[in-house]
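Here are my notes on the model, point by point. Please keep the sequence and the structure open while reading.

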Amino acid sequence: YQVIGWMRAFGREITQAIKCVDLCPLATPVERAAQIKLMLGRGAILPPELAIRKMTFFEPRLSRVELESITATTFRDDRTYIVSGGLGGVGKHVLPWLLNKGVKYLLILSRSQSTIDRSTSSIEIWKTRFGARIEAVAIDVADTLQVSCLFSQSLKGWPSCDGIFHLAGILSDGMVKSMKWEDCERVLSAK
């Protein structure tokens with residue numbers, strides 16, 4: 001699904017029309033060929049993005065969703081919740097929300113020790129206000145060895161993990177057509 005986001009950005013940068021087609025991953029090669037033939041038969045009326053499932057076309061659509069399910073969400077106070085990228089822009093909203101929902105064990109992962117150091121006062125305030133065990137660990141979640149070590153060593157003495165919120169990401173603005181592959185790898189590594 002990351003490819004679709006890249007294609008949206010790229011499509012805005014160039015003058016040629018780009019179509020992004022998601023063929024059914026469960027289809028056989030013969031079925032996929034039939035899907036492509038059906039798609040090409042539609043010609044110019046193809047939308048910019050399209051998914052084909054069992055010879056049926058689907059286009060992305062926004063729809064209104066009631067947020068009752070989010071406000072009714074509960075978390076166990078005897079379990080650990082891990083938030084990667086928890087000290088970034090989105091994380092600074094998610095962490096208090098989790099604590100307000102009753103989370104008492106919160107492990108925050110950050111790529112940068114300096115980010116952790118700058119957030120120490122906020123973490124101490126949350127610990128006091130919510131009576132929670134909160135720790136921040138400097139770790140690169142794109143490094144499988146570091147993540148493995150986290151789960152085998154750093155979580156000793158913590159209750160079982162009941163959820164992971166993966167908010168880590170790298171922002172690297174630029175035109176897609178001028179990006180190098182290394183730029184793409186760096187941005188996508190955390191995902």
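**Notes on the model**

1. Start with the aromatic cluster: F75, Y81, W97 and F165 are linked by ring pairs. Rings of Phe, Tyr and Trp (its six-membered ring) pair if their centres lie within 6.5 Å; planes under 30 degrees apart are stacked, over 60 edge-to-face, and the rest tilted. The whole structure holds 4 aromatic pairs. In one of them, F75 and Y81, the ring centres are 5.2 Å apart and the planes stand at 80 degrees, so this pair is edge-to-face. Both F75 and Y81 are buried. Buried means under 20% relative accessible area, exposed over 50%, and partly exposed in between (1.4 Å probe, protein chains only).

2. A word on the source. This is a predicted model: local features need pLDDT of at least 70, side-chain atom pairs count only at pLDDT 80 or more, and totals for chains, interfaces and linings use all residues. Residues are numbered from 1 along each chain as its sequence is written, and side-chain values use heavy atoms, with hydrogens and water left out.

3. Now the sheet. It is open, has 4 strands in the order β6-β5-β4-β7, and its pairing is parallel. Strands β6 (133-138) and β7 (161-166) form the edges, each pairing on one side only. On average, neighbouring strands are turned by 15 degrees against each other, direction ignored. Helices (H or I, at least four residues) and strands (E, at least two) are DSSP runs, numbered from the N terminus. Two strands pair if DSSP finds at least two bridges between them.

4. Look at one strand pair in detail. Strands β4 (residues 80-84) and β5 (residues 105-110) run parallel over 5 bridges. T80 has Y105 in β5 as its bridge partner.

5. Which strands does helix α4 lie across? Helix α4 (residues 91-100) lies across β4, β5, β6 and β7, and runs at about 170 degrees to β5. Axes are lines fitted to C-alpha atoms, for helices over the stretch in contact, and angles run from 0 to 180 degrees between N-to-C directions. Contact means heavy atoms within 4.5 Å.

6. The largest nonpolar core has 17 residues. Such a core is a set of buried Ala, Val, Leu, Ile, Met, Phe, Trp, Tyr and Cys residues joined through side-chain atoms within 4.5 Å. Those with the most contacts inside it are L95, L98, L99, L106, I108, W126 and I134. Two or more residues each come from β4, α4, β5 and α6 (120-130). Helix α4 gives the most, with 4 residues. Beyond its neighbours within four places in sequence, L95 contacts V83, G86, L87, L106, I108 and W126. A second, separate core of 7 residues includes L107, L109, L150 and L155.

7. Is C24 buried or exposed? C24 is buried, because its relative accessible area is 11%. C161 is partly exposed, at 33%. The disulfide count is 0, taking a disulfide as a pair of cysteine sulfur atoms within 2.5 Å.

8. Q35 lies in helix α2 (residues 29-42) and is buried at 2% relative accessible area. Leaving out residues up to four places away in sequence, Q35 touches L23, C24, A27, I52, K54 and M55. E13 belongs to helix α1 (residues 2-13) and counts as buried, at 16% relative accessibility. E13 and M175 are 162 residues apart in sequence, yet 7.3 Å apart in space, C-alpha to C-alpha.
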